[in-house]
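Good morning, and thank you for joining this part of the meeting. I ask that you look at the sequence and the structure while I speak.

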Amino acid sequence: MLSDYSRQASDNSFIKRLGFWHKIHIDIYLLVGLLLLAVVGLVILFSASGGDWSSFYRQGVRLIIGFCAMALVAQVDPRFFQQWSGSVYLLGILLLVAVLVLGTGAKGAQRWLVIPGVFRFQPAEIMKIVLPIVMAWYLSRQALPPRLLTIVIALVLLFIPVVLILKQPDLGTSLLIAASGIFVIFLAGLSWKLITAAGVLVIGSLPAMWLFVLREYQQQRVLTFLNPESDPLGAGWNIIQSKTAIGSGGLTGKGYLLGTQSQLDFLPESHTDFIIAVLSEEFGFVGVMLLLAIYVLIITRGMIISIQARDNFCRLLAGSLTLTFFIYVFVNIGMVSGLLPVVGVPLPLVSYGGTSIVTLLASFGILMSISTHRRT
């Protein structure tokens with residue numbers, strides 16, 4: 001009898017705690033997953049940067065700013081995003097045009113806008129949130145599943161920012177933004193005939209993309225993906241060293257700060273795009289699986305929020321943001337392990353970054369808003 005009473009009291013206490021988090025519009029399941037991911041990222045970043053405390057502190061500050069942005073965005077009712085989606089989309093397009101005219105960058109890429117004496121930011125990162133919002137707004141106003149004309153208009157909304165980002169050039173970000181918009185269209189209820197036709201069209205357009213869209217260095221990345229050993233000391237160096245680091249970690253790894261490929265600087269970009277190779281070398285297969293388990297937790301929770309959302313706009317938006325996060329993880333791990341071409345996609349909340357961290361956590365703030373406002 002006492003056991004049943006204590007169990008009931010414990011259950012009531014748990015429900016009250018969940019109610020508290022719900023009142024402040026924080027989804028506790030997402031919060032726990034994201035905090036775990038941030039901690040793992042900081043630990044691995046410290047090793048990948050060669051024990052550089054300045055990089056550790058800068059990443060920590062960016063994570064704090066990102067979590068604050070997430071908490072603030074979570075307070076906003078999803079109807080606000082729906083109402084202002086068109087205006088924000090136009091502003092995002094203007095910022096992308098401004099990048100091409102006034103932007104700064106390095107290594108032949110022009111991707112940043114600088115506000116003198118204040119900060120610099122990357123408008124393409126902001127479009128990762130803005131595009132799925134505007135497409136979810138547009139499609140939720142139409143009859144679903146969408147008709148062909150509706151799909152064409154949605155693709156135009158998608159096409160404009162993707163082309164502007166390709167001109168910077170930034171293939172990785174443009175692909176991610178395109179994926180976020182395509183996910184909205186897919187979740188709106190496409191027929192398998194249209195999906196099949198789109199697949200055939202994409203495959204048929206690959207030769208034209210190779211000749212007229214991809215730049216020389218991007219073509220080289222594809223050729224290196226197909227045969228990295230053809231230029232082991234040049235274009236193939238990154239992927240060869242990455243695969244070596246991943247394979248040498250074995251089951252449990254060499255130990256923290258003891259990875260030879262990363263600590264001896266054989267592995268380029270070890271603190272950004274190739275950071276999971278550092279994790280694999282130092283913590284082995286077990287460490288990678290634990291990291292993937294955290295990602296699965298976050299993605300699963302995001303899809304549950306999408307399923308339980310209160311209307312079509314929230315369902316489409318939550319589903320797109322969650323699946324785009326999945327694509328981040330899938331593409332980064334695929335390119336680091338040699339299963340996909342290298343396109344410069346960071347590992348979310350683990351790779352060193354600035355604008356990308358804040359915008360990614362802001363997108364999770366939207367997910368939390370959708371989750372906690374659905375009954376209000």
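Predicted model: local features only at pLDDT ≥ 70, side-chain atom pairs only at ≥ 80, totals over all residues.

The second largest cavity holds about 70 Å³ of space. By class, the lining of the second largest cavity consists of seven nonpolar and two polar residues, with no charged ones.

How many cavities of 30 Å³ or more does the structure hold? There are two of them. The largest cavity has a volume of about 120 Å³. Its lining is made up of E125, K128, I129, L321, T324, F325, Y328, T359, L360, S363, F364 and L367. The elements that contribute two or more residues to this lining are α5, which covers 123-140, α13, which covers 312-336, and α14. Which of these gives the most to the lining of the largest cavity? That is α14, with five residues. In terms of class, the lining of the largest cavity has seven nonpolar, three polar and two charged residues.

Helix α14 spans residues 355-372, and it packs with helix α3, residues 53-74, at an angle of about 25 degrees. The axes of α3 and α14 are 7 Å apart. The two helices, α3 and α14, are therefore roughly parallel to each other, and their crossing is right-handed. On the α3 side, the contact is formed by Q59, R62, L63, I65, G66, F67, A69, M70, V73 and A74. These meet I357, V358, L361, A362, F364, G365, I366, M368, S369 and T372 in α14. The residues of this contact between α3 and α14 divide into 14 nonpolar, five polar and one charged.

The next pair is α12 and α13. What is the angle at which α12 and α13 pack? The angle is about 165 degrees, with the axes 9 Å apart. That makes α12 roughly antiparallel to α13, since angles over 145 degrees are counted in this way. The crossing of α12 and α13 is left-handed. From α12, the residues in contact are I276, A277, L292, Y295, I298, I299, G302, M303, I305, S306 and I307. Their partners in α13 are R315, A318, G319, T322, L323, F325, F326, V329, N332, I333 and V336. This contact of α12 with α13 comprises 16 nonpolar, five polar and one charged residue.

S242, A245, I246 and S248 in α10 meet A277, S280 and E281 in α12. Among the residues of this contact of α10 with α12, three are nonpolar, three are polar and one is charged.

I close with two details of the backbone. Where is P145 placed? P145 is in the loop between α5 and α6, the latter covering 148-166. A cis peptide bond joins L144 and P145, with omega about 0 degrees. The other detail concerns H25, in the loop between α1, residues 2-23, and α2, residues 28-48. H25 has a positive phi of about 60 degrees, although it is not a glycine.

Methods:
Residues numbered from 1 in each chain as written. Heavy atoms only, no water. Contact = heavy atoms within 4.5 Å. Helix = DSSP H or I, 4+ residues; strand = E, 2+ residues; numbered from the N terminus. Nonpolar A, V, L, I, M, F, W, Y, C, P; charged D, E, K, R; others polar. Axes fitted to C-alpha atoms, helices over the stretch in contact; angles between N-to-C directions. Parallel < 35°, antiparallel > 145°, perpendicular 65-115°, else oblique. Left-handed = near helix turned anticlockwise from the far one by under 90°. 1 Å grid on protein atoms, 1.4 Å probe; cavity = no way out; pocket = protein on both sides within 12 Å on 5 of 7 lines; lining within 4 Å. Points joined across faces, edges and corners; volume = space filled by probe spheres on them.
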